[in-house]
Amino acid sequence: MATETEPVEQQIPPMPSKPPTAPPAARMKSAFKEQRGHASARTKDWLAGGDLDHVDIIQAATERKNRKHAEKIAQQQRIVAEAHGRLHHAKMQAENGENVSAATLSNLGGRAAQEEAKLAALQATIVLPPTDREINAVRSGKKMARAAAVAGGGVATLPVLGTVLEQAATGQPLLLAAVSTAAGFGWYLISRPFLPRQAGDVPFAQTPASLPATFLADPTQAGGATSVGSHVVMNVEQLADDAKPYPLRNVARPQQLAECVLLAARAENVPIVEVADVQRQPWGWQCVVRVDEGTPEAIISKSGDLETKFDLPTNGVRPQPLRARRACAILRLVDGNPFATAPGLPYRAPKSLSITDRFRIGTSVGGDPLELSLAGVMGLWVAASGGGKTGILQALAEGVTACYDNITIDCDPHGDGLEDLGDAVRITARSNEQIEAVLLFFLVMSKARARLRAKLGMGKKWKPSATHPAVTIFIDEFPKLSDLAKLLAFDLLLVGRKELIEVQYASQGGTTRYLGENIAQMMALKAVGPCKVGDTRAVFGDDSVREGYLPHKLSPATDTDPKDAGHIFIQGVPGMADEPIEYAIHEASSDVLRKLAAERADAGLLDPDQDSLDGMRGVDLPEYAEAEFDKNGELKKPAPVSLLTWEQLLRLCNAEPPAGSELTDGPARAAVEDSVAVMEKASVDRMKTEVLLVALQEFDPEYADLDVDEFKALMKKAGAGAPLTLGPIGDEQNPRGFKRDRLRNLL
């Protein structure tokens, strides 16, 4: 007996021997109604784009994006050609004796170089796969085109129909017959039985990771959600109970990757319940995972065990918790070099940037650029020995030395600092005496600028320009500074930001053992490369490891293997959200940096503005920098450091004297004048030190007894500084010597 919950079997009566038939008119009406339903459903499906293949739409979106990028490059090439054309025309006018100023030529040359840099950056930009929004835009565009075609076609039929009827009325029915036949065939095509498409697997495409409105899949749906890029690929409910983890090398499709991740997570008791946004990358796989309890910290703590399950190398599991979704993280499974396809260092012409401009210094593991501006930004850069700290500082200095409104200062009490960019650095300080004098000078200048801003109409912050430049000071090996230098650097940290006298501090560690004071937490910008876990917590905070900041998992370089040198995690980049993601800094070879530095030196280096220099006279020194006297006014303890003038500071650091300063008569001036004369006679613009000395001895016998060291000392006394790198001369790549134009500036 059937119950209320059991279905009752229906009894179908037997077919009568002579079933009733509908009248012909009724049958035709019923058939037409059915055909009309098929036609309406097919038309609606066509207008909705139901027949559009997902792969074709992605391909169209990709082609559209590549076409737009190519158009941008072509437009920039036209702009570059125009800039060079104007520069060439101005040069021709100048050669013909027309009134074309040097400033005009310089501006046109700078604009051409700037446009070339933009072109190089465009050409180096990788066109990423289309996003979901771009794919949907292409699909919507096709739908709109179809709707417009239907509307336009309906309007266009009216005059045609009028012509047909007119010809039929005049005894010419041929056109009416043709149109009727075509209409009948068209009606047959759209009125055929229509079966709606079943939702099947959406083909896998490499779309950038995105966050859908929800990661929840319907567990009652057979196969789960499979739309990659906007839905969950697989959830834990879909796993077979007897399924076992398998290595990543066995994965070929997104569904397999999702299953591989969920099985490994279940085996290691990691509460991952969903996998979404799967992408195949040249270096491995990337996906978004969601945990249903706790936080993604569980993935971080179990990353080593997961690497074993996936059979990946050390640090092959790289989770990035997402701030926008506390339960979610981007999981990267790395079995290659994620930075192999990162673009190289773009060319930046001399004086082509402002210190307020953002410039690219690196690339994230996800392929996004790392761009920053150092204007008014105090930064801390921490990396252990072999962590690439020098390369990081050189990447920063490469950007700021290309600025037309910045003075770059290099302080390093232990190493060679920014040596490869030395020609583009205004002051290089190595001894304790030099570093202390530099830091005191700019500390006093920052106080003077604070009082000048209102007078100069700048407001609450110093506004940089070529006439009132910013100052960027690089301090490498901060822990090795003298106690006085550390105190001066700490005070400069407190007062220099608004005055655009910013300092970039670099250290092998981030704890108080290295820094003395706990200054890491005071920095607006902070980055950490290969280090100890204590440095990670000291710089980024006690909870930083749980949040996904893992620079301590990076490996410093050895003599034969660069490993992760130059890789960093960073916080405080202006205009960019803080995310625990790994970046690789773009490092350039020494030869490239030296050539860039020589170009920028030839374009001229800046000196502080006279307003700031004059304002320093009314500023009190910090107490610890003043001399001590007893009650009787007798000197008890001399000042540990003296406040020098700008010319004295340049002389102390063996730097070129200020532009326009004149040499007094004497042996030093004579040596500079004779060196310029010798180079002009030889029709060269530079000479190696030894070759120049020999030429001078042939030019004037008074130099016959002068050896190389004495000649260098004489040139330093004249303000020419130490010999510069000259670029390739003969078989030598980077010999040192003197440049004619720089010596002319001293006269």
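Visitor: What should I know before I start reading?

Guide: This is a predicted model, in which local features need pLDDT of at least 70 and side-chain atom pairs count only at pLDDT 80 or more, while totals for chains, interfaces and linings use all residues. Residues are numbered from 1 along each chain as its sequence is written, and side-chain values use heavy atoms, with hydrogens and water left out.

Visitor: In what order do the strands of the open sheet stand?

Guide: Strands (E, at least two residues) and helices (H or I, at least four) are DSSP runs numbered from the N terminus, and two strands pair if DSSP finds at least two bridges between them. Here the open sheet has 5 strands in the order S1-S2-S3-S5-S4, with antiparallel pairing. Strand S1 (232-235) and strand S4 (317-321) stand at the edges with a single partner strand each, so one side of each is left without a neighbour in the sheet.

Visitor: How many bridges join S1 to strand S2?

Guide: There are 3 bridges between S1 and S2 (residues 272-281), two strands that run antiparallel, and within S2 the bridge partner of Val232 is Ala276.

Visitor: Is Gln394 buried or exposed?

Guide: Relative accessible area under 20% means buried, over 50% exposed, and in between partly exposed (1.4 Å probe, protein chains only). Gln394, which is found in helix H9 (residues 389-400), counts as buried at 10% relative accessibility. Contact means heavy atoms within 4.5 Å, and, leaving aside neighbours within four places in sequence, Gln394 has contacts that include Gly417, Leu421 and Leu593.

Visitor: Which residue forms a salt bridge with Glu477?

Guide: A salt bridge is a side-chain nitrogen of Lys or Arg within 4 Å of a carboxyl oxygen of Asp or Glu, and by this rule the count comes to 21. Glu477 forms one with Lys389, the closest N and O atoms being 3.3 Å apart. Because Glu477 lies in the loop between strand S11 (470-475) and H11, and Lys389 in helix H9, the pair ties together parts that are 88 residues apart in sequence. Glu477 is buried at 11% relative accessibility, and Lys389 is buried at 7%.

Visitor: Where do Arg86 and Glu82 both lie?

Guide: Both lie in helix H2 (residues 54-95), 4 residues apart, which is about one turn of the helix, and their side chains meet in a salt bridge of 2.9 Å, N to O. Arg86 counts as partly exposed at 48% relative accessibility, and Glu82 counts as partly exposed at 36%.
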